[in-house]
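Here's a quick tour of one protein chain, meant to be read with the model open beside you. Take a look at it first, then work through the points below.

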Amino acid sequence: MSTQHQHADADGTGTTRRAGTPAPAPAPTRTRRGSALTRVLGYTALVAIALLYIYPFLIQLATSFKTDADATGHPLSLWPTHFTTAAFSRLADADYPRWFGNSVIVALFVTAGRVFFDSLAGYALARLRFRGRGALFGTVIAVMAVPGVVLLIPKFLVLNQLGMYDSYSGMIVPLLADAAGVFIMKQFFESIPVSVEEAARIDGASTFRIYWSVVLPMAKPALITLTILSFQGSWNELPHFIVSRQSPELNTLTSGVASLVSGQLGDGNQYPIKLAAALLMTIPVAVVFFLFQRHFVRGGTAGATKG
């Protein structure tokens with residue numbers, strides 16, 4: 001007969017254990033409490049950082065509905081002492097509608113051009129094999145490293161020489177393609193398997209037809225990403241519009257609001273009208289981003305890996 005004895009567990013479940021076997025360890029309550037505390041601290045830090053970024057926007061929103069005296073006396077107040085829409089009325093009576101229209105025209109043409117030309121160039125660099133392809137792609141990467149301010153004077157000289165200065169064409173054409181968009185599209189096209197194009201090539205489809213009808217519909221996430229970035233970039237562009245036009249009739253929102261900030265309104269700080277102009281200028285970009293935010297995040301990471 002064995003000298004080892006069976007003993008019932010203390011919990012009364014009827015299970016048995018050998019003599020001398022240690023009892024099960026209690027639930028790790030300390031670990032659970034520590035993870036919960038870490039989660040609470042993490043969310044608290046995220047909320048604090050979010051408020052830090054949102055607070056200036058709330059000041060902008062509140063100041064837009066203040067009087068000049070209220071904005072000067074209480075610049076950081078989040079609630080107007082005397083609620084008024086006088087700033088927006090002054091903008092409507094000024095040239096703001098024209099600035100808004102010019103920005104819409106430029107942003108739409110530039111966005112459409114960048115989506116087409118950047119995707120076309122990206123597909124050529126990803127799929128076509130030609131001499132100097134590596135050097136050309138290296139040039140694209142090098143252009144991305146050049147600060148835009150360095151090109152302002154050359155842009156002015158070229159536009160003036162071509163007779164495009166102070167015109168819509170001078171404001172739009174130089175922005176129709178950018179190196180960052182070409183890079184994004186090239187990386188995404190390389191993540192698409194070449195096998196999806198073979199059937200169309202066997203059927204006799206041309207290279208452009210394969211690009212347009214087969215590959216481009218599959219690049220929807222990258223195209224949406226490029227659309228958002230192009231619209232935001234052209235909508236917020238300022239240095240190029242300073243050197244490409246002179247007439248006040250061609251002012252966009254960025255150059256027009258810059259003229260307000262520089263003192264065109266006359267005496268006083270004019271905080272309400274300045275911040276009201278900036279608020280209206282921010283709305284279209286924010287709407288576009290929130291509408292396509294899910295596609296933007298997906299497209300931004302799609303080209304990071306290759307299939």
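Residues 24 or more positions apart account for 71% of the contacts in the protein chain with a separation of 6 or more, where a contact means heavy atoms within 4.5 Å. This is a predicted model, so local features need a pLDDT of at least 70 and side-chain atom pairs count only at pLDDT 80 or more, while totals for chains, interfaces and linings use all residues. Residues are numbered from 1 along each chain as its sequence is written, and side-chain values use heavy atoms, with hydrogens and water left out.

**The overall picture**
- The protein chain has 15 helices and two strands; these are DSSP runs numbered from the N terminus, with helices being H or I over at least four residues and strands being E over at least two.
- Of the 307 residues, 33% count as buried. Buried means under 20% relative accessible area, exposed means over 50%, and partly exposed is in between (1.4 Å probe, protein chains only).

**How confident is the model?**
- pLDDT is the predictor's confidence in each residue, from 0 to 100. The protein chain averages 83, and 83% of the residues score at least 70.

- The axes of helix α11 (residues 220-235) and helix α14 (residues 271-291) come within 10 Å and cross at roughly 175 degrees. That makes α11 roughly antiparallel to α14.
- On the α11 side, this contact is made by Ile228, Phe231, Gln232 and Trp235, and on the α14 side by Met281, Pro284, Val285, Val288 and Phe289.
- Helix α10 (residues 207-218) packs with α11 at an angle of about 80 degrees, with their axes 5 Å apart. α10 and α11 are therefore roughly perpendicular to each other.
- Here, Leu216, Pro217 and Met218 of α10 meet Lys220, Pro221 and Leu223 of α11.
- About those words: axes are lines fitted to C-alpha atoms, for helices over the stretch in contact, and angles run from 0 to 180 degrees between N-to-C directions. Under 35 degrees counts as roughly parallel, over 145 as roughly antiparallel, 65 to 115 as roughly perpendicular and the rest as oblique.

**Rings**
- The structure holds 14 aromatic pairs. Rings of Phe, Tyr and Trp (its six-membered ring) pair if their centres lie within 6.5 Å; planes under 30 degrees apart are stacked, over 60 edge-to-face and the rest tilted.
- Phe65 and Phe83 form a stacked pair, 4.9 Å centre to centre with 10 degrees between the planes. Phe83 is exposed, with a relative accessible area of 57%.
- Ring pairs also link Phe116, Phe117, Tyr123, Phe189, Phe208, Tyr211 and Trp212 into a cluster.
- The charged end of Lys186 sits over the ring of Phe137, 4.2 Å from its centre (the rule: NZ of Lys or CZ of Arg within 6 Å of the ring centre and within 35 degrees of the ring normal).

- Ser103 is in helix α4 (residues 96-127). Is Ser103 buried or exposed? Ser103 is buried, with a relative accessible area of 3%.
- Not counting residues up to four places away in sequence, Ser103 touches Trp235, Thr252 and Leu253.
- Phe88 lies in helix α3. Phe88 and Pro272 are 184 residues apart in sequence, yet 8.7 Å apart in space, C-alpha to C-alpha.
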